[in-house]
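Colleague: Could you take me through how some of the helices in this model are arranged?

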Amino acid sequence: MREPRAELFDSHAHLDFADFDGDVDGVLERARAAGVVGVIAVGSGRGLESGAAAVVLAARQLDVWATVGIHPHDAVLADDAAVAVLRGLAVRPRVVAVGETGLDYHYDHSPRPRQRDAFAAQLRLAQELRLPVVVHTREADDDTLAILRAEGVPWGGVLHCFSGGERLARAGLELGLHVSFSGVLTFPKADGLRAVARDVVPLERSLVETDSPYLAPVPHRGRRCEPAHVVHTARKLAELHGVTLEEAARVTTGNVRRLFGL
Ligand SMILES: [Zn+2]
């Protein structure tokens with residue numbers, strides 16, 4: 001009998017960042033060799049360029065899908081014209097979500113009122129296009145939840161790279177959102193996060209991601225992260241839920257497919 005093989009899905013990677021220049025095909029080869037059956041290329045983080053790059057990548061790689069959005073760091077760019085450009089990108093083939101969008105009060109790279117406006121505008125765009133949303137929130141739990149509740153997320157979404165506490169996780173689940181765990185889940189000091197992953201978020205609502213090129217899981221910590229590394233986060237999640245890696249991979253990969261309609 002063949003060994004069962006873990007079929008993993010990296011639900012969040014920034015493959016358009018300069019860290020991957022000239023190496024995207026190699027990165028995807030290594031991911032496939034590690035059992036990664038799909039990657040969501042997040043088109044957000046370098047202004048509108050990211051969205052365009054993710055759309056192009058997804059068009060030429062059958063195991064890559066794209067999102068398009070304006071990151072909270074870039075919220076000052078999100079005027080009406082930019083949202084119109086996003087709308088044009090979002091209807092392209094293999095674009096499966098709007099985001100990442102949200103609020104980041106840790107770095108405050110854009111003024112908070114601009115972040116809130118950009119977030120609300122992108123939630124409305126997602127609703128109009130019947131797409132789920134990829135949400136980034138850091139040190140902004142209350143405002144993130146207030147805006148999600150006010151605008152609504154009828155097509156679902158994900159709290160990506162979750163690093164919040166129990167209250168945010170429960171509120172997100174109540175809104176119908178999924179919760180995605182990154183390499184942080186493997187960090188020695190992340191006991192609080194591991195408790196949330198184990199006790200609060202059911203496996204049926206959990207995703208795994210790398211957030212490449214950031215946040216490489218143990219044992220790659222401190223180096224460039226790439227989608228092949230998602231196996232370490234999935235293994236930790238499996239351990240927390242007392243299931244095999246193959247089972248955790250099967251459930252989380254199914255969650256990605258359902259959420260994004262793949
Ligand atoms: Zn990201």
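Modeller: Axes here are lines fitted to C-alpha atoms, for helices over the stretch in contact, and angles run from 0 to 180 degrees between N-to-C directions. Helices (H or I, at least four residues) and strands (E, at least two) are DSSP runs, numbered from the N terminus. This is a predicted model, in which local features need pLDDT of at least 70 and side-chain atom pairs count only at pLDDT 80 or more, while totals for chains, interfaces and linings use all residues. Residues are numbered from 1 along each chain as its sequence is written, and side-chain values use heavy atoms, with hydrogens and water left out.

Colleague: How is helix 5 oriented relative to helix 6?

Modeller: Helix 5 (residues 141-151) packs against helix 6 (residues 166-174) with their axes 11 Å apart and at an angle of about 5 degrees. Because angles under 35 degrees count as roughly parallel, over 145 as roughly antiparallel, 65 to 115 as roughly perpendicular and the rest as oblique, helix 5 is, relative to helix 6, roughly parallel.

Colleague: Which residues of helix 6 make the contact with helix 5?

Modeller: Contact means heavy atoms within 4.5 Å. From helix 5 come Asp 141, Asp 142, Leu 145 and Arg 149, and they meet, in helix 6, Arg 167, Leu 168, Ala 171 and Gly 172.

Colleague: Which residues of helix 1 are buried?

Modeller: Buried means under 20% relative accessible area, exposed over 50%, and partly exposed in between (1.4 Å probe, protein chains only). In helix 1 (residues 24-33), the buried residues are Val 24, Val 27, Leu 28 and Ala 31.
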